[in-house]
Amino acid sequence: MKYYSTNGKAPLVTLEDAVIQGLADDRGLYMPERVPHIDSDIIKTLKDRTFIENSTIVAQAFFGDDMDADALAEIVSDTLSFETPVIQVDSDIYSLELFHGPTLAFKDVGARFMARMLGYFVRRKGLADEVNVLVATSGDTGGAVANGFLGVEGVRVFVLYPKGKVSPLQESQFTTLGRNITAIEIDGRFDDCQALVKEAFADRELNSRMQLTSANSINVARFLPQSFYYFNAYAQLDRMGKANDVIISVPSGNFGNLTAGLFAARMGLPVSRFIAANNSNDVFFNYLQTGQYIPRPSIETLANAMDVGNPSNFARILELYRNDYQAIRQMISGFRYDDGQIAAAIRRILSDTGYLLDPHGACGYLALEDYGLKQGQTGLFLETAHPAKFKETVEAIIGSEIDVPNSLKAFMNAEKHSVALGSDYAGFRAYLADNQAPPPYTANRPS
Ligand SMILES: *Cc1c(COP(=O)(O)O)cnc(C)c1O
């Protein structure tokens, strides 16, 4: 399978090159040339197989032409060393808990898969030289990527984060690891971190000297594997006899997670409709209302992993539906919630059902309520993070303390290391250039 750029001005590339490059040379996002189809006989029997078995089938359908089957199966099983259970919250509303991985958020799935796949390609190509992953984080991505890539040979990771703007718990997940992970504390805001990373990707001279790639959901190896847990969720609902008419609500920021769901549906997974649940960053919600896509600077909310004003995967959604606004509206509904609504929902659902939502999952839950499920429909929302990841926020909302899992406490007790830099590009560039090994990987790079 080949991959093309959403901007249409870059050559087709192999999976290997799409993963190593991250972003296409024309700054577009890579899309698979076709979406493979999973046979309806297999869909009917998803319920009889394990998460790893079903995910291996999906992975083979996408990536099977481009890599050794045993290696791919091993990547899948190493990635999915934790469960993603479906839990009933209310009569027809179920939570898909995606927070049982090492950093307690759904990004663990994509980050772990990408780390293993990139490591495999680096080995297979016999690259003499390291691939450098740059990632800007406002909190969650850094932890998932750093933990996913820890110890992967031939890959070095630089996590850029805004000084003083990441919770101590989140910070500890990427500043305490060492080895091939370097945390860079930028004296600035998240937008400054993102701008530095973008400028480095666009810097031709720097790219001719070192291979840079992205581990954000623009990378196909991070975003496509997120379709695995949609299949697994369907399998679990089917076992309960609840899979006939499924509506899936996805708390969304950069829309990688939702787009992976749309791919699952296009592959043949029976999902009646998706809901994009937003916080006050409602650019996509407005697009569904008006057909106009108007990016805006992000605003801070309680669900901060969704504070995105220009979702990068919007380009993939447009591409998947060939720019057909009506087709997009037929498949995706949108809702948005402000901080007051999020806080009220967390309190109400806890007292009504005993289930503690995190601020992101709260948006997903509310959107199912407001959508109005009909008799016989099943609502499933993606619970994207463990509430303890947002301990201070959630405790302030519910007025009592919550338990922090031991795995999180372990990060908090480890020693922090980071490199302090300003927000100017020259300083960042000089730092990168001094901390890499020559000569570079050059396939498909313009000279
Ligand atoms: C990243 C994140 C989101 C948003 O996911 P996208 O794929 O960017 O839409 C939602 N919730 C949590 C907890 C996250 O970390």
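Let me start with the ligand. Of the 15 residues around it, the nearest are Lys107, Asp140, Gly253, Asn254 and Thr384; a residue counts as near a molecule or strand if one of its heavy atoms lies within 4 Å of it. This is a predicted model, so local features need pLDDT of at least 70, side-chain atom pairs count only at pLDDT 80 or more, and totals for chains, interfaces and linings use all residues. Residues are numbered from 1 along each chain as its sequence is written, and side-chain values use heavy atoms, with hydrogens and water left out.

Back to the ligand. A polar side-chain atom of Lys107 lies 2.5 Å from one of the ligand's oxygen atoms. A polar backbone atom of Gly253 is 2.7 Å from an oxygen atom of the ligand. For a polar backbone atom of Asn254, the distance to a ligand oxygen atom is 2.8 Å. On its own the ligand has 390 Å² of accessible area, and the protein covers 97% of that. Accessible areas come from the Shrake-Rupley method with a 1.4 Å probe, and for residues only the protein chains shown count as cover.

Next, confidence. The protein chain has a mean pLDDT of 93, and 97% of its residues reach 70 or more. The pLDDT is the predictor's confidence in each residue, from 0 to 100. Over residues 437–447 the pLDDT is below 50, and this stretch has 26 contacts in the model beyond near neighbours in sequence. Contact means heavy atoms within 4.5 Å.

Now helix H18, residues 391–398. Helices (H or I, at least four residues) and strands (E, at least two) are DSSP runs, numbered from the N terminus. Which residues of H18 are buried? They are Lys391, Val394, Glu395, Ile397 and Ile398. They lie on the same side of H18, because they cover an arc of only 160° around the axis. That arc is taken from the directions from the helix axis to the C-beta atoms. On the other side of H18, Glu392 and Ala396 are exposed. Buried means under 20% relative accessible area, exposed means over 50%, and partly exposed is in between (1.4 Å probe, protein chains only). The cover over the buried residues of H18 includes helix H16 (339–353) and helix H17 (359–371).

Glu395 is buried, with a relative accessible area of 17%. The side chains of Lys391 and Glu395 are joined by a polar contact of 2.8 Å. A polar contact is a pair of N or O atoms within 3.5 Å; within protein, one must be able to donate a hydrogen and the other to accept it, and residues adjacent in sequence count only if both atoms are side-chain atoms. Not counting residues up to four places away in sequence, Glu395 touches Ser400, Glu401 and Ile402. With neighbours within four places left aside, Lys391 is in contact with Ile402 and Val404. Just after H18, Gly399 takes a positive phi of about 70°.

That brings up phi in general. Most residues other than glycine have a negative phi, and most peptide bonds are trans. Leu104 is not a glycine, yet its phi is positive, near 60°. Leu104 sits in the loop between strand E5 (93–97) and helix H5 (107–125), and it is buried, with a relative accessible area of 6%. Asn323, also not a glycine, has a positive phi of about 65°. Is Asn323 buried or exposed? At 54% relative accessibility, Asn323 counts as exposed. Its place is the loop between helix H14 (314–320) and helix H15 (325–331).

Another loop, between helix H11 (228–239) and strand E10 (246–251), holds Asp245. At 24% relative accessibility, Asp245 is partly exposed. Asp245 and Gly376 are 131 residues apart in sequence, but their C-alpha atoms are 6.9 Å apart in space. A polar contact of 3.3 Å joins the side chains of Asp245 and Gln377.

Ala136 belongs to strand E6 (residues 131–136) and is buried, at 5% relative accessible area. Beyond four places in sequence, the contacts of Ala136 include Leu160, Phe190 and Asn216. In helix H20 (residues 425–434), the buried residues are Tyr425, Phe428, Tyr431, Leu432 and Ala433. E6 is part of what covers them, and so are strand E7 (155–162) and helix H8 (190–202), among others.
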